[in-house]
Every structure is written in structure tokens, then in C-alpha cells.
Amino acid sequence: MKDAKIFLPELIFNGKKLIGKDVEKSTRKLGDLKGIFEDEVTFRLMDPEQVVYYVSSTFPVEEGTPGGLFMGITYLMPGKVGNEYFMTKGHFHSNIDRAEFYWGVEGEGMLIFMNEKREVWAERMYPGSLHYIPGGVAHRVANVGNDMLIFAASWPSDAGHNYETIAKYGFARRLKEIDGKPKLI
Ligand code: S6P
Ligand code: ZN
């Protein structure tokens with residue numbers, strides 16, 4: 001029998017960066033996050049062009065394909081709007097029962113969960129922390145440190161993103177810095 005072919009991978013995850021074929025980058029600036037922070041007066045005084053986070057992702061199959069997986073690395077800057085930490089928009093999955101893994105790569109974060117009953121809880125993120133986000137649970141990450149927070153994610157290719165529910169109703173609690181510490185209030 002002839003030897004089977006051996007290939008080099010098309011992608012490298014070097015611990016911090018996703019490098020290779022078809023890696024897509026998306027950026028969220030402060031101006032794209034209008035309405036998610038409570039202190040709107042301070043928000044209006046800040047530069048809408050300031051980058052809050054960017055995501056490098058790989059989509060090996062078409063969005064919506066059942067049974068596939070996607071992966072992305074999020075780079076979330078340190079900062080606050082008033083006393084509320086910089087955070088991702090947050091979303092439910094459009095196919096609400098789809099789960100996801102997040103894991104901490106660098107920096108200090110807080111993963112905030114909210115179920116459909118609007119119950120909120122959080123887990124600390126740090127290099128090596130692994131987080132299972134069950135189906136039916138919205139998720140958002142805040143950077144609670146002084147340096148960039150890097151975390152990775154893998155989610156089903158038919159999960160989809162429902163940003164509307166969070167844009168309209170928000171999370172039932174906000175993560176704020178109170179006496180120098182993160183608190184969900
Ligand atoms: C995708 C996964 C992440 C987020 C990213 C930005 O399902 O959860 O890649 O897209 O962390 O967060 P958001 O809420 O703006 O999509
Ligand atoms: Zn997700």
C-alpha cells in the first residue's frame with residue numbers, strides 16, 4: 001500500500017495569535033458599542049474611534065452549516081466608561097441551544113453569563129482558565145485588568161449570533177469597579 005499523504009496545517013495558533021489561511025479580523029470601536037454602557041455622559045466625551053476589541057477568527061465551513069466548528073481569538077483592551085469595564089457586546093446564539101467554549105490566554109477578565117430567566121453570574125478568566133457556556137445562556141466578557149485581555153473561543157458553525165436581545169434589554173447586572181474591585185451589581 002502507498003504511504004498516505006501528510007500535510008502541514010493551514011493554521012497555526014501560536015498561543016496568542018491565529019495565523020494562516022483565511023483568518024478574518026473584525027474590529028469593534030467605542031462608537032460601535034453605543035448603548036451598552038450605563039454612563040452615557042462619559043461615553044459621549046470619549047473617542048468613538050477608539051478600538052475596544054478585535055477578533056481574529058477562522059470559519060472552515062460556511063456560517064450556518066450544521067456540525068461544523070468555528071474558532072476565534074478576542075483581544076479586549078483595558079479601559080472603563082465611568083466605572084464600568086470595557087466589555088464585549090455580548091450575545092445569545094440565534095440557535096439558542098448551541099453551547100460554546102471560552103478559554104483565557106492572557107490578562108484578567110470576567111466572563112458574564114445570563115440565562116433566559118435573566119439570572120446573571122460570572123467566572124474569572126485568566127491564562128489557562130476554561131469556560132463552558134451552556135446553550136440558552138448569553139455571554140459577555142469584561143477586561144478587569146490593566147493590560148490587554150486575550151481569550152479564545154470555539155462555537156458551532158450553526159450557532160449564529162443574536163445581538164438584538166442584549167442590545168434591547170441588556171444584561172440584568174453590570175460589572176463595575178467598586179472600591180478597586182469588580183462587582184456585579
Ligand atoms: C463567538 C464568540 C466570540 C465573540 C467575541 C466578541 O460566538 O462568542 O468570538 O464573538 O468575543 O464578542 P461579541 O459579543 O461582540 O460577539
Ligand atoms: Zn457566542
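**Entry 1: the largest pocket**

I began with the lining of the largest pocket, which is made up of 24 residues, and I noted Ser 26, Val 55, Trp 155, His 161 and Tyr 163 as those nearest its centre. Strands E3 (23–29), E4 (51–58), E8 (100–106), E12 (137–143) and E13 (149–156) are the elements that each give two or more residues to this lining. The largest share, four residues, comes from E3.

A reminder to myself on provenance: this is a predicted model, where local features need pLDDT of at least 70, side-chain atom pairs count only at pLDDT 80 or more, and totals for chains, interfaces and linings use all residues. Residues are numbered from 1 along each chain as its sequence is written, and side-chain values use heavy atoms, with hydrogens and water left out.

For the terms, a pocket is an open set of points on a 1 Å grid over the protein atoms alone, where a 1.4 Å probe fits, with protein on both sides within 12 Å along at least five of seven lines; lining residues have an atom within 4 Å of a point. Strands are DSSP runs (E, at least two residues), numbered from the N terminus.

How much space lies in the largest pocket? I read off about 440 Å³, a volume being the space filled by probe spheres set on the grid points, which are joined across faces, edges and corners. By class, I found nine nonpolar, eight polar and seven charged residues in its lining. Here Ala, Val, Leu, Ile, Met, Phe, Trp, Tyr, Cys and Pro are nonpolar, Asp, Glu, Lys and Arg are charged, and the others, Gly among them, are polar.

**Entry 2: the second largest pocket**

I then turned to the second largest pocket, with about 260 Å³ of space. I found 19 residues in its lining, with Gly 35, Ile 36, Arg 140, Ile 166 and Ala 167 nearest the centre. The lining divides into nine nonpolar, three polar and seven charged residues.

**Entry 3: strand pairing**

Next I looked up an open sheet of three strands, in the order E10-E9-E12 with antiparallel pairing. Its edge strands, E10 (120–125) and E12, each pair on one side only. Two strands pair if DSSP finds at least two bridges between them. E9 (residues 109–115) and E12 have seven bridges in the antiparallel sense, and I saw Gly 109 opposite Asn 143 in E12.

**Entry 4: a hairpin**

Which residue takes a positive phi in the hairpin of E14 and E15? I noted Asp 179, with a phi near 50°, in a hairpin that has two residues between the strands. E14 (residues 175–178) and E15 (residues 181–184) pair antiparallel over four bridges, and Ile 178 stands opposite Lys 181 in E15.

Key:
Chains lettered and ligands numbered in written order.
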